[in-house]
Amino acid sequence: EMLFWDHVLEWAAAQDRAALFLHLPGLAEGGPVQHALAACLAASARPHATVQREQRAMLQSSLPPEDYLDQSLSGKKRKELRRQHRRLAEEGVLTVERLADAEGLAMWTQEFLSLERAGWKGEAGSALACDPRTQSLFVQSLEGAGRRGRLDRLAIRLDGRPLAMLASFRCPPGLFSFKTAFDEAFARFSPGVLLQRENLALLGQPGIEWADSCAAADHPMIDHFWRERRTISAVNVGTGGPVRRLLFRALAAWETRSIPRDY
């Protein structure tokens, strides 16, 4: 990993002479990638600064799913979820589907894209299917992960119709939530929340010790379900010669004046 960072930082230093720094977002603190970067920066004495730090929900527990849910949600909220599940089941045949292979993947992927586009993201033009490039990225990502046995697909269906869907990548010992969508016509039943209740079955799965929600910090839904937190940071690394590095240090001091050092 250090060799990778050596090449990246050398490349950055050789680019536009007007640039003061290389911005590296989305680094999981305590992970091998971040450790390798820290070792590379220490060895090269390059100026650097952590300019952003936040915590996002993750799932990591030895508890069975039901016990975990009991500790995560209040009795009132759990009762409401049971009520919504019962009411939804009265609408037709309700099924939960979890797939770990690539069988039927093309159809599943198109169902997901259609489901997402039918909601507010489609109206806003931000759904994956609104742009051929993001649609292609999604399709190819799922195809590649499916071929390698790295894809986890979860769906709640009513009479075969998908109401909520979630695609995740399996990267033992971890799992990363990639994209989720739900049918907004059934919002009164909270299908996305019911899907996450089913997703707690990740606990105890062979080879999976933790799952990263990949959600924004302080997410109003997943933060209530997944009680563990993963610290994600962004690091700026100074590039260029002595003058640019001096300017970077001044900028970094100003940028980091309100950044917490730890949690």
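Arg-53 is buried, with a relative accessible area of 16%; buried means under 20% relative accessible area, exposed over 50%, and partly exposed in between, with a 1.4 Å probe and protein chains only. The model is predicted: local features need pLDDT of at least 70, side-chain atom pairs count only at pLDDT 80 or more, and totals for chains, interfaces and linings use all residues. Residues are numbered from 1 along each chain as its sequence is written, and side-chain values use heavy atoms, with hydrogens and water left out.

The side chain of Arg-53 meets that of Glu-29 in a salt bridge (2.8 Å, N to O). A salt bridge is a side-chain nitrogen of Lys or Arg within 4 Å of a carboxyl oxygen of Asp or Glu. Glu-29 lies in the loop between E1 and H2 and Arg-53 in strand E2, so the pair ties together parts that are 24 residues apart in sequence. Glu-29 is partly exposed, at a relative accessible area of 30%.

**The sheet and its helix**

Helices (H or I, at least four residues) and strands (E, at least two) are DSSP runs, numbered from the N terminus. An open sheet of 8 strands has the order E1-E8-E2-E7-E6-E5-E4-E3, with mixed pairing; two strands pair if DSSP finds at least two bridges between them. Strand E1 (21–28) and strand E3 (94–99) are the edge strands, each pairing on one side only.

Strands E6 (residues 174–182) and E7 (residues 210–212) pair in the parallel sense over 3 bridges. Within this region, Gly-174 stands opposite Trp-210 in E7. Helix H2 (residues 32–44) packs on the sheet and touches E1, strand E2 (48–59) and strand E8 (228–238), where contact means heavy atoms within 4.5 Å.

**Further salt bridges**

The structure holds 17 salt bridges, including those tabulated here.

| Pair | N to O distance |
|---|---|
| Glu-29 and Arg-53 | 2.8 Å |
| Asp-152 and Arg-170 | 3.5 Å |
| Arg-197 and Glu-198 | 3.9 Å |

Asp-152 and Arg-170 are both buried. A network of salt bridges links Arg-56, Asp-212 and Arg-230.

Helix H8 (residues 191–199) is mostly covered, with 8 of its 9 residues buried. Among the buried residues of H8 are Pro-191, Val-193 and Arg-197. Arg-197 counts as buried at 18% relative accessibility, whereas Glu-198 counts as partly exposed at 24%.

Key
Axes fitted to C-alpha atoms, helices over the stretch in contact; angles between N-to-C directions.
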